[in-house]
Each structure stands twice: as structure tokens, then as C-alpha cells.
Amino acid sequence: KDSKVFQQVSMKDQIPKGILKLKKRDGDDNEKLLGGARFRLMNKTLGLDIGAVTTDEKGQAAFEPQPIGFMDQQGNFVPYTYVCREVESPSGYMIPDQEFEFQFEYEDEKASSIVLEYDPVNHSNRILTEKQLGDTGEPLEGALIRLQRRSGQGWEKIEEWFSKKQAHLVKDLKEGRYRLIEIEPPKGFEVLAEPIEFSISDTMTEIPHLILKNFGTIVEIQK
């Protein structure tokens, strides 16, 4: 009598791994891709530091494939939560004060891997300046303002403009020591005697907001 032996096999879903791909762009020019941005990845669920990658000359980088989660005792998929953060910005750019928290979306075991794309942007180093009446905070128009950068033993002119009612934005600043000086005052005011000095760093997370104020007695204008 023939006997048949049946082998029971317990099959376990092969959960695909997840790949995070990065493409770094300029915040003002979406076509401009940025190399030199360094990102760190953490598995928040497990408290693991996965490692870091740096974008290449095409603004691209990718982390090694990572487990996206696990099956619990009831057979339900439980995703891992990851956090990606920029830890070093490209030269001449601010570093975003934010992190990207995400989970890989799992549907079934048919996919060999799951790719998630993240396209963060960087804004160039910049400042916002205003000219105000010191007593009231009222905008003052017509002052000629000069921005200079420390260069060797002297100061290099970066930009000049006349103040208006709205704030003035200066972009694309390199790291270094800077100062704002008033070349010509608004009508009826004396020129500011002291410049405003400040530093620009690639590690900045916020735009410096610099206010030049005129105080004191209005100078009489000869007609």
C-alpha cells in the first residue's frame, strides 16, 4: 500500500526593503541641482542611526535599502518610522530647520523594493533689511545703503540700494563677516555714524532681519 507523506510548509511574507532617494534643488531655481548637501537617516521606531549620504554634482543621493517594518503576531504589517535630516548644507546655502519624517508604504510582497523620492530645497544665504524711523518704526525711504563683506584687511562692496517702504532682500551671500553702512541718509536726517556688523554662515536656519534706524532731530532742509 502506497503511503503518501505531505510536508507542510509555513510561508512567511518576504517584506520588501525601502530605498530613500534624494534630489537637492535650489529654492529659487528649481532646475539648479545642488551637490554637497549631507543628510542623516534615523530609524525612529528602533532608535537606530542608519548613516549619512552626500548629494553628488547632480544633486542626487540614495541610502542603502532599509527594512520597512515587520509582521506582528496577528499577521498585520507594522511600519517603521524614519527621519531624514540635512546636517550639512552646500556652500553658500542655508540649512533647513526641518526634518522629513516618513514611512514606506507596503502593499504586498510582490515588489522587490519600495522607492521613496524626497526633493528638498535649499535657499541661498540671504538677509532682509529695513530702514525705519527709530521713534515709531515707520519705514523711511530714500536712504542709500551699502552692503560690504570683509576681505583681507578691507571691505568689499557687495550691493547698494535705496531704501523703500518694503524690506530689501539680498541673496546669494557667501560665508563671512559683513556690514551695512548708510552712504546717504533719508531727506531731513543725518547719516548713521555706526555700521551694523554681522556674520553669515552656511549653518543658518533663519534669514537675518536687519533694521537700520534713524533717531534724533530732523535736519532743516534749505529751500
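In this predicted model, leucine 22 touches Phe39, Val53, Gly59, Gln60, Ala61, Phe63, Cys84 and Tyr118 when residues up to four places away in sequence are not counted, a contact being heavy atoms within 4.5 Å. Residues are numbered from 1 along each chain as its sequence is written, and side-chain values rest on heavy atoms, with hydrogens and water left out. For this predicted model, local features need pLDDT of at least 70 and side-chain atom pairs count only at pLDDT 80 or more, whereas totals for chains, interfaces and linings use all residues.

Rings of Phe, Tyr and Trp (its six-membered ring) pair if their centres lie within 6.5 Å, and planes under 30 degrees apart count as stacked, over 60 as edge-to-face and the rest as tilted. In one of them, the ring centres of phenylalanine 77 and tyrosine 106 are 4.6 Å apart with planes at 45 degrees, so the pair is tilted. Phenylalanine 77 is partly exposed at 23% relative accessible area, while tyrosine 106 counts as buried at 15%. The rings of phenylalanine 102 and phenylalanine 104 form an edge-to-face pair, because their planes stand at 90 degrees, with centres 5.3 Å apart; both residues are buried. Ring pairs join Phe102 and Phe104 with Tyr82, Phe100 and Tyr118 in a cluster.

Technical notes. Buried means under 20% relative accessible area, exposed over 50%, partly exposed in between (1.4 Å probe, protein chains only).
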